[in-house]
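I opened my notebook to get to know a new structure. Here is what I looked up, entry by entry.

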Amino acid sequence: MRAARGALALALLASAVLAVGWPLLRILAEALVALHAGLPPGLGRTAAISLALSGGATLLALLGGLGSALTARCLPPRTRRLLDAALLSLLLVPPYTAAAAVLAVGGRSGLLHDLLPPLPGAPGMLLALTTTLLPYPYAAARLAWRGVDPRLVDAVLVHGGGTGRVLRLVLLPPLLRPVAAVAVVMLVTALADPSVPAVLRGRVPTLAHTAYLEVMAWGDEGTAALVAVLLALPVLPLLLLLARTGSPLAEPWRGHGAGPALALPPSPILRTARAVTVLVLAVIAALLTAAAVRSSLAPGELLGHGAVAALGSTLQHALLALLVAVPAGLVTAGLAARGAPRRAALLDGLQLMLLVLPGTTLGLAVSLAYRLGTPTPVGTLPPLVGGASLGSGSIAIVLVLAASTAPLVHVAARAGRAQIPRGEAETAEVLGVGRRRRLLRLVLPQAAPLVAVAGAAILVRMMVSVTPVALVAAPDAPMVPALALDLLDRAALAPVFVLTLLVAITIAALAGGAAAAGRLR
Amino acid sequence: MTPALEIRGAPCGDLQVAPGELLAVIGPSGAGKTTLLREIAGLDPLPQGRVLLHGRDMTAVPVHRRGVTMMFEVPALFAQLDVAENVALALPAARGTLARDQLETALTALDLHHLARRRPQELSAGQRQRVALARALVSRPEVLLVDEPLAHVDPAARVALRREILRTHRRMGTATLYVTHDWAEALAVADRLAVLREGRFVQIGAPQEVYRRPRDAWVAQRIGVPNLLPCPVLGTAPGRVLVRPLGRELWVPADPRLADGREEALVLAHARALRVVAGPDAPADELDPSSGRILGGSFGGDHMDYDVETAAGTLVVRRTLGPGEEPLEVGTPVGVELVADAAWAVVRD
């Protein structure tokens, strides 16, 4: 019985690896063919501009996020929660909404048009990307510093060390690996996002937008595949880091509670951090105000029937994808926990590779691999019901969403398991508590909050990301990001703000429900 | 002479520590011992009053500039640094020759040379505390604050580490405030003792004085006085009161506050202040208040501590065992006598 269950799990895993692995091989092959035909003109310059923009946004977001996290750690818990809410709510803001807010601030009819230099183009993209990336380092630092032992801070201070030494000896060591990993994720996210350039590019070309246009407008899939593979290259150092040292993405989850405010002596470092925090809050306030003003002044109906349909369809697909992703993530986490270290490393590596894979690369790969008439090693793909193929429509959307979100469930479940105190786990074993009861009474209560948080993050990612969804979407499955881009194409900013607000409320309600259910357990 | 450390006008009361003195602060959990140390170090603000170091007011000086170091209950070593680096952390200029000499001296003094390149996680609990002590002393602080350093050390290593702390303290002559809740430890290390109850000092004095002349029943119970005998005061003389514990009138050394006409006293007697009388000398009359019966006993090597049931309650009585002498059996009828000069009478609250 046990062997049969194991075999079934392994078979499912193999199918999943094949289902996702084949598109990756396909896009790689397409990219190599395109490369063999020669690099498209201007690609090097586009790549350099993209890298500079994404690198700049990553650096600025790191500065803002880490400075704000340091300020937050020195604030009393109640004030700290306010700062948390201000910065972490940015996770609910999709990049195209941030770009639209930048237009509302500094565009031709923007709120501060007369005071600011023209924002469309590189400065605007930098601002929008930085704003959407801010919560990443902030969350990483806040989670990493939950585990900081205040006694170590006391030890530095009573031995004559100041804030600088506290940073070097106590606050930086737990931060380095998670922030290094998060920085790579930020860079990849910024590089691979086509929506900010779609709104704000001006005359500045970027890789992600080029790939998007190649597919959506000009149908040159070879160039698109080449660009998509280029976009995935920065992931390699992260994968090497993961292969060498295990998952730094799982580490910050292992905190010990919020803890009291750190009392550090006054220093230029703290003053700079506070100034950075004020600047960050000022930028957020300006973008929010501009969006609110633009929405309140908008003529006519803010949301048409199409928006409601897109919201419903997106939610439906997101929940369907969750139904696939959550069990898949939990199964791989369970297999990794029970298997030999090598198997665990392999499963962690596969899941994390998917987690950090750019949406553009994944979407294009699925589209190339499963569209109608695509040759595969076992023959040409047959059409599905009604002539639809896997490459477009609901099935493909659910597939790409599930593939890009199952890893987060995997990481959360692994971290949840790791949080179980060793004493408790061994006591349960010594007392002869069976595996099923251990799972229900010990593992799930520990892992459930993390899986719920990961679930909320997944929903956000699913509902607002342009890629991979837009690359596999079809007219019969309207999605929020595609609609938003369409609205922005027509310079309709206000409906996008309202749509984002609706999505945020929906996600907050679902996340609140999940958290309440977790507490009830 | 200017005290090395002085607390004035604080809620806990005034306190002075002389240069080179080791003052142990003792009290139960929650009495405010650690809070007091943190306030002196500057980690927490002093609610009122002042902290002076060698006469200089340090109340407003931030923690890292006070010239005070602290050794915590847990060693608080940095896992990413080795032993030598952890110790050198407390030196302001870690690259100077003087700093290197100081580091060498500290490592040698605490016998840590052979562990210098090890990481904290490779050390035993006792070794980690030795590293923490070396780190606390390497910068030759004006005042050292020590917070229950032996709390997490196993009993065998505890005695050795206590000796190490004392030896190092004597050699370096740093004024030290040593917090503990263990009376045996406090009595063993302290030049003076300060007893803390609910955030206030209730008695400060030499260890012998506090041990022999506790201020009240609360202090007596905390230092392990097992026998508290309430008695009416029959008469007073300078430094003594006449009481009748266990059926015999005795002039017992007394707290001066008993001279102001109080009617009730509490006679405090360590186990060795009572004598057990067995065999033919034991009182034959069971109604005699000094007569009793052995309930049980604990073996202490060269002595036995007997629990004796008497009309005054169950008393703990110590009896030194002579060569080849067997302990008394449970149920043996005995008499109990109080050695007047070894007892101490206090006001009965």
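Before I counted anything, I settled one term: two residues are in contact when they have heavy atoms within 4.5 Å. I also noted that this is a predicted model.

**Chain B, contacts.** I took the contacts in chain B with a separation of 6 or more and asked what share joins residues 24 or more positions apart. The share is 64%.

**Chain B, make-up.** I looked up the secondary structure and found 8 helices and 21 strands in chain B. Of its 349 residues, 50% count as buried. The accessible surface of chain B is about 16100 Å², and carbon and sulfur atoms hold 50% of that.

**Chain A, make-up.** Next I turned to chain A, where I found 23 helices and 2 strands. Chain A has 521 residues, and 50% of them count as buried. I noted an accessible surface of about 23600 Å² for chain A, with 69% belonging to carbon and sulfur atoms.

**Chain A, contacts.** I repeated the contact check here: among contacts in chain A with a separation of 6 or more, 83% link residues 24 or more positions apart.

**Helix H8 of chain A.** Why is helix H8 (residues 163-171) of chain A largely enclosed by the rest of the structure? I found that 7 of its 9 residues are buried, so the rest of the structure largely encloses H8(A). I wrote down the buried ones: A:Thr163, A:Arg165, A:Val166, A:Leu167, A:Leu169, A:Val170 and A:Leu171. Then I checked which helices of chain A these buried residues pack against, and I listed H2 (43-73), H7 (150-158), H9 (173-192) and H14 (268-297).

Notes:
Residues are numbered from 1 along each chain as its sequence is written. Chains are lettered from A and ligands numbered from 1 in the order in which they are written. This is a predicted model: local features need pLDDT of at least 70, side-chain atom pairs count only at pLDDT 80 or more; totals for chains, interfaces and linings use all residues. Side-chain values use heavy atoms; hydrogens and water are left out. Buried means under 20% relative accessible area, exposed over 50%, partly exposed in between (1.4 Å probe, protein chains only). Helices (H or I, at least four residues) and strands (E, at least two) are DSSP runs, numbered from the N terminus. Accessible areas come from the Shrake-Rupley method with a 1.4 Å probe; for residues, only the protein chains shown count as cover.
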